[in-house]
Amino acid sequence: MKPSKLARYLPSGRHAVIGIPFLWLFMFFLLPFVIVLKISFAEADVAIPPYTEIYEWADNKLTLLLNFGNYIFLTEDALYLSAYLGSLKVALFSTLLCLLIGYPMAYAIARAPKSQQTVLLLLIMMPTWTAILIRVYAWMGILGNNGLLNSLLMGIGLIDTPLQILNTNIAVYIGVVYSYLPFMILPLYANLVKHDLSLLEAASDLGSSNFNNFWKITVPLSKNGIIAGSMLVFIPVVGEFVIPELLGGPETLMIGKVLWQEFFNNRDWPVASALAVVMLAILIVPIILFNRNQAKELEGRP
Amino acid sequence: MKTFGKTLLALSLTAAVAGAAQADSKVLHVYNWSDYIAEDTLANFEKETGIKVVYDVFDSNEVLEAKLLAGSSGYDVVVPSNPFLAKQIKAGVFQKLDKSKLPNWSNLDKDLLKALEPSDPGNQYSIPYMWGTIGIGYNVEKVKAVLGEDAPVDSWDLVFKPENMEKLKSCGVSFLDSPTEILPAALHYLGYAPDSSDKGELQKAEELFMKIRPSVAYFHSSKYISDLANGNICVAIGYSGDIYQSKARAEEAKNGVEVGYNIPKEGAGSFFDMLAVPADAKNVEAAHVFLNYLMEPAVMANITNYVQFPNGNAAATPLVDEALRTDPGVYPTPEVLKKIYTFPDLAPAVQRTMTRSWTKIKSGR
């Protein structure tokens, strides 16, 4: 018996399998985003919750009241722009640093004997088994004026007065690079380990130097790994709050802190939401690039 | 607002506990400031009443408020400071207290209740728990070494005169990281009303801070407790009880640091932490039993002896350790009391101006 036309529209096992990720995205991305978007068009109010409703149903009429004031407000004070730029700058430099440190590490792991690779990967991942908050606190203990690093440097007589590292941007970079390095190394490793080494041999046979081999063959082939790792570091660092709050100083201006101030100090959930929506809009560009790259990877094209 | 890190830790602990919350009539959920109760208070209460207390702590009014405003916080008793309480009452966060279940109400300080009417008209929603002032904590020896014998340690001149700050820079000065509690001190020092909402006057306060900013070691609301005790900084503008804690720590460590606390003679800001019951509390009955227990003079005196903040319970004062009771930094004299001001419930626009000023003062942007 042929399946009826109706059956085509009824959910089948296959739909359920595809449906789960969609349901997940709907519940944990789209729905929260719509709520934040809704709040960003409201006005702050003294109530529970502390903002006005944007729609009203009365006399069989639905009135939608969108307040764009919050978005306009963001353009009126240079603070918000410099906070976005501050976040993007920290994210950009941290990504570059992660790449500089992560690439040789990933390369070394990928070229190590198979038996050692699991152990080496485990060593990269093991720190992430401890909560990030605890690890950032540990950095406070290391970088402080009477912390481990300064005591050591003073102990061996390299410096006389403690270096001011904690509560500066340097500490933020150290914390961020440390925390996000595994997210750079893992996709790079996954890419590098798949390379066909006979390509390098062939190039060497034709007289290419090792240096040339690396730049002309390995790096271009690992482009997708570099992009994936960079996105995994860049995107979350833009919105990072915990690390700059604990390790940064007064000159550290990032969007996460400004968001906190709007939300908690000013009790202005609508402006805070508008800030978050704009941040998402800024991040959509690299996310789209990332997705396009992923799609290419799946199709097997370089 | 105190340290954010501690808050995160507290939040994660809280989330774990709140997840296990049940509507058991014998369980009471209390959310109080960290280090703000005597070690044996809760155990004694449980023994006496058979009510089990699930006790969580926070260290910033903002965190408490965000929970309350989001609704369904899961707590039966919370302890916001008075300007926050005022706003939260307006937002409908709390329920009126049933005073027939609070026979110990008569122990409270009547003058204090009257002074708190602007935050809670008619004292219908809240009970004063502890209170304190925001004044000058200082390292007696170091300040003397830098500024000489007649250093103005009992005046805002100490930190608001740039020439003093330039000298104090060498040993370290810290301020609370709280615009709404520190900017009023600058306003007051400049001769304006501490609750001024005038933009020009706030601008002047910001300028005053910009002048001394290069000499400020840091703005933080709890780090100074240990830094003052071990001599890392020599002046801290902070909460009275915290500075007394710092003093006790220095004495314990026997490190030769002597910490002093003064309420500046020009006047100082004060905060009152208020016990209140959220409108959606599950165990209102037990909440009232707990509040009544906290108003017992012996219980309250015991807490004051431990946390070193004065309480709002007149009947408890004679039971407080004499050293604390007679210390004008803890229990101010009537003359000083007259010069103490409270923090108002700020309009959103003023709050925003202050937060913005503070960012500018701290980051230069």
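Trainee: Is K254(B) buried or exposed?

Mentor: Keep in mind that this is a predicted model. K254(B) counts as exposed, because its relative accessibility is 73% and the cut-off for exposed is over 50%. You'll find K254(B) in chain B, in the loop between α12 (240-253) and β8 (259-262). Its backbone deserves a look too: phi of K254(B) is near 50°, a positive value in a residue other than glycine.

Now hop over to chain A for another residue with that sort of backbone. N167(A) isn't a glycine either, yet its phi is positive, about 65°. N167(A) sits in the loop between α7 (148-155) and α8 of chain A. With a relative accessible area of 24%, N167(A) is partly exposed.

Carry on into α8(A), residues 169-192, and check its partner α11(A), residues 223-238: the two axes come within 8 Å and cross at roughly 155°. That angle is why α8(A) is roughly antiparallel to α11(A). The crossing of α8(A) past α11(A) is right-handed. By class, their contact has twelve nonpolar, five polar and no charged residues. Among those on the α8(A) side are Y180(A), F183(A) and L188(A), while the α11(A) side includes I226(A), L232(A) and V237(A).

P49(A) belongs to the loop between α2 (13-40) and β1 (55-58) of chain A.

Key: Residues numbered from 1 in each chain as written. Chains lettered and ligands numbered in written order. Predicted model: local features only at pLDDT ≥ 70, side-chain atom pairs only at ≥ 80, totals over all residues. Heavy atoms only, no water. Axes fitted to C-alpha atoms, helices over the stretch in contact; angles between N-to-C directions. Helix = DSSP H or I, 4+ residues; strand = E, 2+ residues; numbered from the N terminus. Parallel < 35°, antiparallel > 145°, perpendicular 65-115°, else oblique. Left-handed = near helix turned anticlockwise from the far one by under 90°. Contact = heavy atoms within 4.5 Å. Nonpolar A, V, L, I, M, F, W, Y, C, P; charged D, E, K, R; others polar. Buried < 20%, exposed > 50% of the residue type's maximum accessible area, 1.4 Å probe, protein only.
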